[in-house]
Amino acid sequence: MNVKRLLLHLGVASIAMSFLISCTKTDDTPEPAKVSYNKDIKAIFVANCTPCHLAGGANPNKWDDYATAKSKIINILDRTQRTPGTTGFMPRNGTAQLPAATIALLKQWQADGLLEN
């Protein structure tokens, strides 16, 4: 009688384990696309940093050049988040900061690893 009970318990345990294993949750949520310079960031610089920081502009830091923009992102974020009218605020002659969504995109580019493409 004990052997039958043991086999019954083993069978139930086996079925329960099979059920639990088949019910493991998988995360099918797609990973959000990473921000890249060419896809997302360069257009921000072209729209907001013209003419000084683009080819032909007076400033030697050219944000339409990926390597330069990448190497200066900390400075770019610092200066675009300063209070308008304070020393070093960018965009120069601007009366307001870039929109919060634009600054958030620059920060996300940095967090995503400053990808080019």
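Phe-45 and Trp-63 are both buried, a term for under 20% relative accessible area, with exposed over 50% and partly exposed in between (1.4 Å probe, protein chains only). This is a predicted model, in which local features need pLDDT of at least 70, side-chain atom pairs count only at pLDDT 80 or more, and totals for chains, interfaces and linings use all residues. Residues are numbered from 1 along each chain as its sequence is written, and side-chain values use heavy atoms, leaving out hydrogens and water.

Phe-45 touches Tyr-37, Thr-50, Leu-54, Trp-63, Ala-69, Ile-76 and Leu-106, not counting residues up to four places away in sequence; contact means heavy atoms within 4.5 Å.

## Aromatic pairs

Rings of Phe, Tyr and Trp (its six-membered ring) pair if their centres lie within 6.5 Å; planes under 30 degrees apart are stacked, over 60 edge-to-face, the rest tilted. The count by this rule is four aromatic pairs. One of them, Tyr-37 with Trp-109, is tilted, at 5.9 Å centre to centre and 40 degrees between the planes. Tyr-37 lies in helix α2 and Trp-109 in helix α5, so this pair ties together parts 72 residues apart in sequence. Helices here are DSSP runs (H or I, at least four residues), as are strands (E, at least two), numbered from the N terminus.

Tyr-37 is buried, with a relative accessible area of 1%; for Trp-109, also buried, the value is 0%. Phe-45 and Trp-63 form a tilted pair as well, with 6.2 Å centre to centre and 45 degrees between the planes.
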